[in-house]
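Here is a short report on one protein chain. It starts with the surface and then moves to the fold, the core and the charged pairs.

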Amino acid sequence: MKKLHTLIRAAIMLLALLSVSTQTSAQTASGKVQIYYKASDGKPVEFNFSEIDKIEHDNSNINVYTTTSMGNPFVMSGVWDIDRVVFQVEDLYTSYAVSETNCFMMDGAQAKFPMKLTWDDEGRFRIMRNTNVDLTKITWTSGVSKIRFYKATHTTGQIQLNDPNWNNLGSDNLQDWNGGAGVLETTLTQDAIDCITGVKTDTWSETAFIIQGSDLTVTKIELIP
């Protein structure tokens with residue numbers, strides 16, 4: 001069934017790449033993608049990317065952003081010169097908006113964003129490991145996978161990432177004291193990943209993380225494998 005879902009998602013992305021559109025569209029992908037581009041002699045040239053961050057396209061160009069491109073796309077002009085696109089991926093979606101699915105207040109109510117963080121239950125919540133996206137089925141890598149917090153830029157303060165037993169998992173990067181940042185993120189340690197997969201638990205709930213902090217207004221949370 002997973003293989004079928006992967007093929008369906010790959011087909012959807014392929015159609016998106018080659019469809020006629022007057023606007024730029026973007027899709028996040030992971031794994032490997034091979035794009036065969038017709039060179040001037042008519043023979044296809046293969047471009048391989050092992051880590052795809054984003055692919056954009058319009059009627060003229062395909063822009064491929066890789067995790068090592070420092071925000072600068074590899075531009076392939078002439079959409080209609082694309083010979084074929086081959087995907088070899090586990091899952092086309094590399095970011096999971098857990099704020100929309102897996103976040104719950106301490107009393108069990110669905111968390112609603114934007115939310116101003118506090119050190120009490122008014123602005124403190126849990127990220128659950130398998131409600132509604134089953135995070136335990138996803139492959140996570142220590143030092144590579146990330147948790148990303150989107151925030152209102154005019155708000156200042158800090159975010160504390162805790163395990164289910166309230167131990168701080170390391171939140172050095174989750175601070176903004178001048179209000180200029182729109183995104184705060186930190187890479188996941190093995191301890192954090194163990195909380196997602198259920199190796200480490202509070203023994204009574206499906207809590208992966210407890211999030212609390214001061215004053216920052218969080219608008220969205222993503223987990224990136």
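## Surface and basis

The protein chain has an accessible surface of about 11,800 Å², and 50% of that belongs to carbon and sulfur atoms. Areas come from the Shrake-Rupley method with a 1.4 Å probe; for residues, only the protein chains shown count as cover.

This is a predicted model: local features need pLDDT of at least 70, side-chain atom pairs count only at pLDDT 80 or more, and totals for chains, interfaces and linings use all residues. Residues are numbered from 1 along each chain as its sequence is written, and side-chain values use heavy atoms, with hydrogens and water left out.

## Overall fold

The chain has two helices and 16 strands. Both are DSSP runs numbered from the N terminus: helices are H or I with at least four residues, strands are E with at least two. Of the 225 residues, 44% count as buried. Buried means under 20% relative accessible area, exposed means over 50%, and partly exposed lies in between (1.4 Å probe, protein chains only).

Contact means heavy atoms within 4.5 Å. Among contacts between residues at least 6 apart in sequence, 67% join residues at least 24 apart.

## The nonpolar core

In soluble globular proteins, nonpolar side chains tend to be buried together. Here the largest nonpolar core has 31 residues, and Phe125 and Phe209 have the most contacts inside it. Such a core is a set of buried Ala, Val, Leu, Ile, Met, Phe, Trp, Tyr and Cys residues joined through side-chain atoms within 4.5 Å. Helix 2 gives the most to this core, with four residues.

Leaving aside neighbours within four places in sequence, the contacts of Phe125 include Phe104, Met115, Phe209 and Ile221.

## Strand 12 and its partners

Strand 12 is mostly covered, with five of its six residues buried. Strand 12 pairs with strand 15 in the antiparallel sense over five bridges. Asn162 stands opposite Ile210 in strand 15. Strand 12 also pairs with strand 13 (residues 175–176), again antiparallel, over two bridges. There, Gln158 has Gln175 as its bridge partner. Two strands pair if DSSP finds at least two bridges between them.

## Salt bridges

The count comes to eight salt bridges. A salt bridge is a side-chain nitrogen of Lys or Arg within 4 Å of a carboxyl oxygen of Asp or Glu. Glu206 forms one with Arg129, with the closest N and O atoms 3.0 Å apart. This pair links distant parts of the chain, 77 residues apart. Glu206 is partly exposed at 36% relative accessible area, whereas Arg129 is buried at 3%.

Glu185 and Lys146 meet at 3.0 Å, N to O. Glu185 lies in strand 14 and Lys146 in strand 11, so the pair ties together parts 39 residues apart in sequence. Lys151 and Asp176 form another salt bridge, at 2.8 Å, N to O. Lys151 and Asp176 are both buried.

Which buried residue has no salt bridge, with Lys200 as the nearest side chain of opposite charge? Asp194, with Lys200 4.5 Å away. Lys and Arg count as positive, Asp and Glu as negative; His and the chain ends are not counted. Asp194 is found in helix 2 (residues 190–197). Leaving aside neighbours within four places in sequence, Asp194 is in contact with Val199 and Lys200.
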